[in-house]
Amino acid sequence: MIRTQRLAAGACALLAALTAGIAFPAGAVADETTANAPKVNLVLDVSGSMRAKDIDGGTRMAAAKQAFNEVLDATPETVLLGIRTLGANYPGDDRKTGCKDTARLYPVGPLDRTEAKTAVATLSPTGWTPIGPALLAAADDLDGGTGSKRIVLISDGEDTCAPLDPCEVAREIAAKGIRLTIDTLGLVPNVKMRQQLSCIAEATGGTYTSVEHTDELTDKVNQLVDRAADPVVTPVATRGADSCAKAPTLTSGLYTDREEFGQERWYRVDVDPGQELRASVSVSADRAMNPDYGVLLRAVTAHGREIVRGEAAGIGRTDVISTGLRYPKARSDEDEAPAETVCLQVTNSFSAAAGVKTTPGMPLELTVDVVDGPSGASDVASFGLGRGWWLLGALVLAGFLAGVLWGWLSRWRVAVWRTN
């Protein structure tokens, strides 16, 4: 009897071990899959102002719920999605308590559409608008994993919990280098709200959209969720130097850095004979700037001689300013000719408005592409026209023929006039 029980226990233990052996690898595969999956956190304003009835005859909250239901139905299986609220739980007048009112409605992870819709259906416009705290919490929700991360903030008003400025919060999130993008949508926006939501988006390379209809909200949120699922080139954080000699050497790719006002950043790129260097830089004016600013991108030799430059100017509007350049290196008759080190210098002429913080530096994005050069000199420039020479020649010929025809007609008319 005892022996029989021991055999039964051993069989159970063996079965449990086999089951665990089968289950654990599957779990490991699942963990590996989700670690690389894109993540999206929808942050919804549920403050008292969402009761306003000015979107397609219904309340702003009703429009948001309808849009969320359609978005949840259309979310790709590959996206890990979560929902966070702000102003959904505290109806009182205590500002300190109201400014802590942000909660995780649905955790970021594989989507259970029914459960997420049920959670959204329970929402009712309630309290304050703590956008800054909600963004910080939403960023923490997205922590971990190597896939793309995106916050989509939907609000109908500016933050009511300063001095925790949500624009400064967005800059702090961008400065962490966690490659998180914040997109903002403003429901029936006013000027002040538009400025704040635009600043939040631009600080992280996101977008701002004004929304006044339910279908617009649905379409835009769907577009942003789909964008998160698309394969993207992940920017690599780098740090430019104050001189070419100390600069990091970059290969083809997308890089991010930060540049302070009036600062210059240097990077190095090796270009082999017969290759062409293509580089572009974008600097985000993510705070209030004085008018008339610019960005300069220069390619110079290791000895300081300028090869080519690209420059762009702005007039004071908060936006992203970009410029680029191309440098084809001639082919060499030598079989093993050495590569040329090209130094890229990025400078700016931004200056901060009064009272605006100058740190951290402005977000900078640098694209470097080293490709096979054109096959002939005519492909490189042709005096800046390329194949446009054919069009120019045709226009010259057409102009000549038109001139001859017009001259002949004029002489004929004069001759007829004299005869008569």
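**Burial and confidence**

Mentor: Of the 420 residues in the protein chain, 40% are buried, where buried means under 20% relative accessible area, exposed over 50% and partly exposed in between, with a 1.4 Å probe and protein chains only. This is a predicted model, in which local features need pLDDT of at least 70, side-chain atom pairs count only at pLDDT 80 or more, and totals for chains, interfaces and linings use all residues. Residues are numbered from 1 along each chain as its sequence is written, and side-chain values use heavy atoms, with hydrogens and water left out.

Trainee: What pLDDT does the chain average?

Mentor: The average is 83, and 86% of the residues score at least 70. pLDDT is the predictor's confidence in each residue, from 0 to 100. Over residues 1-30 the pLDDT is below 50, and that stretch has one contact beyond near neighbours in sequence. Contact means heavy atoms within 4.5 Å. Residues 376-386 also have pLDDT below 50, with eight such contacts.

Trainee: New topic. How many helices and strands are there?

Mentor: The protein chain has ten helices and 16 strands. These are DSSP runs numbered from the N terminus: helices are H or I, at least four residues, and strands are E, at least two.

Trainee: Which residues are on the covered face of strand E14?

Mentor: Ile321, Thr323, Leu325 and Tyr327. The uncovered face has Val320, Ser322, Gly324, Arg326 and Pro328.

Trainee: Why do the residues alternate like that?

Mentor: Because in a regular strand the side chains alternate between the two faces of the sheet.

Trainee: In what sense do E11 and E14 pair?

Mentor: Antiparallel, over nine bridges; two strands pair if DSSP finds at least two bridges between them. Ser284 stands opposite Val320 in E14.
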